[in-house]
Each structure stands twice: as structure tokens, then as C-alpha cells.
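Please look over the sequence and structure before reading on.

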Amino acid sequence: MTVSRQQLERILKAQKYRCFLTGRPLTPSDVSVDHLVPLSRGGSQDVSNLRLVTRGANHAKSNLLLQEFVELCRDVVAEDRRRKRRKRGKPKRRPRARPYAQRCDDFVSLCQDVVAENGRRKYRR
């Protein structure tokens, strides 16, 4: 089944031009279509299975179900908090290579947004 431009625009308006996973604003250069139930896990191309997300969020979610991805993000955020608590008062170590560290920081930031957006979504309605 092919999804029409009008259907994608309806999804975009329903999401208030924000990423379904992170709540970040969507831009034409950074928008991607995500399947709530991935095709590799039996999902369909039906409009009810599609959401618009940022490319980074879609890449990070990969073929996980929404709840699996949210749980992964909760674990990442919790581990980041534990790591920061342990680091307090310790002498500074040599910094990690920037490209790797930046990717890790970006992923933690993305996960923080996913956890926050999931919490807001639960209380809407």
C-alpha cells in the first residue's frame, strides 16, 4: 500500500509538526517515516502504523517496538545519571575521542527527549 502526500500531511498536523518519539520540531530535511510495528516484525504500511520522526530517532529506534525503545531510553538515561553521580569529586580523566563522545552525548540527549515525550503522552487526553 502506498501512502499519499495528503495522508503524511495529516499525520504531520496531528503530531503538531513534532517528532512522535522525541517531541522535537520536524524540518523537511530531517523528517523520516517510522513504523510503530516495524515491517521486519510483521508491521504494515497502513497509515495507522506510521508516525513521522526525526532521522536520528528513526535510526536509533531501528526495528524495536515503541515500548522496547522507550524502555531502552529509560535505561540509558538512568545509567547516564548514575555515571554522572559517580564522577562527582573524581579527578578529570583524559576526554574520549570527540566523534565517539559526541555520538554518545547525542544518543543520551535523544533518549532524554524520548522519555520526557513518553511521559507527556501518557497524561494527554
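In which strand does His 35 lie? His 35 is part of strand E1, which covers residues 31-35. The model is predicted, and the points below are grouped by residue or element.

**His 35**
- His 35 has a relative accessibility of 15%, under the 20% cut-off, and therefore counts as buried.
- Its side chain makes a polar contact of 3.1 Å with the side chain of Gln 45.
- Leaving aside residues up to four places away in sequence, His 35 touches Ser 44, Gln 45, Asn 49, Leu 50 and Lys 61.

**Lys 61**
- Lys 61 sits in helix H2, residues 55-61.
- With a relative accessible area of 0%, Lys 61 is buried.
- The side chain of Lys 61 reaches the backbone oxygen of His 35 at 2.9 Å.
- A polar atom of the Lys 61 side chain also lies 3.0 Å from the backbone oxygen of Leu 64.
- Beyond four places in sequence, the residues that Lys 61 touches include Leu 21, Asp 34, His 35, Leu 36 and Pro 38.
- Leu 66 and Phe 69 are also among the residues touched by Lys 61.

**Helix H3**
- Helix H3 runs over residues 66-87; at 1.5 Å a residue, its 22 residues should span 32 Å, and the end C-alpha atoms are 32 Å apart, so the two values agree.
- Buried residues in H3 are Phe 69, Val 70, Cys 73, Val 76, Val 77 and Asp 80.
- These residues cover an arc of only 120° around the axis, so they lie on the same side of H3.

Note on methods
Residues numbered from 1 in each chain as written. Predicted model: local features only at pLDDT ≥ 70, side-chain atom pairs only at ≥ 80, totals over all residues. Heavy atoms only, no water. Helix = DSSP H or I, 4+ residues; strand = E, 2+ residues; numbered from the N terminus. Buried < 20%, exposed > 50% of the residue type's maximum accessible area, 1.4 Å probe, protein only. Polar contact = N/O pair within 3.5 Å; in protein donor to acceptor, adjacent residues only side chain to side chain. Contact = heavy atoms within 4.5 Å. Expected span 1.5 Å × (residues − 1). Arc of directions from axis to C-beta.
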